[in-house]
Amino acid sequence: MAELYELITPCHFGLESVMKREINDLGYDVVKTEDGKVTFAGDAEAVVRANIGLRTTERVLIKAGEFRAETYDELFEATKAIPWENYIPKDGRFWVTKANSIKSKLFSPSDIQSIMKKAMVERLKAVYGISWFDEGGSAYPLRVSINKDMVTVGIDTSGESLHKRGYRTMTAKAPISETLAAALIMLTPWHADRILVDPFCGSGTFAIEAAMLAANIAPGMNREFLAQDWDNLIDKKIWYDAFDEARDLVNMDIDTDIQGYDIDANVIKAARINAQQAGVENLIHLQTRDVAQLSHPKKYGFIITNPPYGERISDKEECEKLYQILGERYAQLDTWSMYLITAFKDAEKFVGRKADKNRKIYNGMMKTYFYQFMGPKPPRKNTEIMVQSQILCDG
């Protein structure tokens, strides 16, 4: 029977429910949900499929241990007690790449990192019967979080953060991350058969992530992961099979109406290059256009966007004007829904309408709000067919 791990998937604060749903959709059971991370149970195949298939996590960590430590001696002994030989081979490279501490007695990242490394070396020296490690093999970096003196130790299987899908070679000013864009889209009722417009599209992230969702393109399908070199834990065949599975699930034979506008022509050029790299250039329409020209002949569409925040004082007036114009254009789209992520505190005032829902989300260290303006639900298709049939019968 395959060994089961506890797998930790960090996500943006406020979007744990989306992460949880994604894990369940992959077929795995969630063990625990905390602020900014979700833990689930899975084997080596789960590690692989999570890395390739999860859209909203930053990385996938194998939980190596969890314990309480209030002194550096306790940290050393508890780290040494973890069976590192189950994860790290004799020639493995290992280190604590990141340590963070919240409301805990141990708070110095550099001290935490060096003490834990020493403890691991002591353990593995004894197990492997060697006095020196050449560390010429695969990399096994650790990520450690200490919260209220509880230490959680995870081994990073992803390497580069999972928001790096491999398509965004060109970026605009203040881009939204791919993982956050995907999570926000998934937080809305948008589906592939509905219209989506981003009037401040920048490097095209919302439009591209929506197109990838619509075509069922796995976010990690075209990149590499650190754990691909872990022959001691994950058979190469598992990786080959998972990449094959991801390719088989792609469906480019779909009709979409996904649009991105930006006033800057150079930014739109960059967005087109990114869309090509993602393989979705035929599923989205990108053009240079001012938000004042926002309109659409069809009903029941979605605006999902990351407008300017007006962080500098000199930008405030321009920002107010932009939100006012956006609000006026949105008012003309009377059956549409609009979703804005912004740190601009007066967004509702200048849009001219109070949001139906408002969710606090941390974009890195910046507190932002996801304003949700709900339009009416479209009539159900079978209802429309019944009405048309009735008209024909009456006629």
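**Overall fold and nonpolar cores**

Eleven helices and 14 strands make up the secondary structure of the chain (DSSP runs numbered from the N terminus, with helices being H or I of at least four residues and strands E of at least two). The model is predicted, so local features need pLDDT of at least 70 and side-chain atom pairs count only at pLDDT 80 or more, while totals for chains, interfaces and linings use all residues. Residues are numbered from 1 along each chain as its sequence is written, and side-chain values use heavy atoms, leaving out hydrogens and water.

The C-alpha trace spans about 85 × 55 × 40 Å along its principal axes. Of the 395 residues, 49% are buried, meaning under 20% relative accessible area with a 1.4 Å probe and protein chains only.

As for the inside, the largest nonpolar core takes in 95 residues, with Trp 84, Val 153 and Val 280 having the most contacts inside it. Such a core is a set of buried Ala, Val, Leu, Ile, Met, Phe, Trp, Tyr and Cys residues joined through side-chain atoms within 4.5 Å. Another core lies apart from it and has 23 residues, including Ile 195 and Phe 350. Setting aside neighbours within four places in sequence, Trp 84 is in contact (heavy atoms within 4.5 Å) with Val 153, Ala 64 and Met 120, among others.

Val 153 also turns up in strand β7, as the bridge partner of Gly 65. Strands β4 (residues 61-68) and β7 (residues 150-156) run antiparallel over seven bridges; pairing takes at least two DSSP bridges. Strand β1 (residues 5-10) joins β4 through two bridges, also antiparallel, and Leu 7 has Ile 62 of β4 as its bridge partner. Six of the eight residues in β4 are buried.

Note on methods. Buried < 20%, exposed > 50% of the residue type's maximum accessible area, 1.4 Å probe, protein only.
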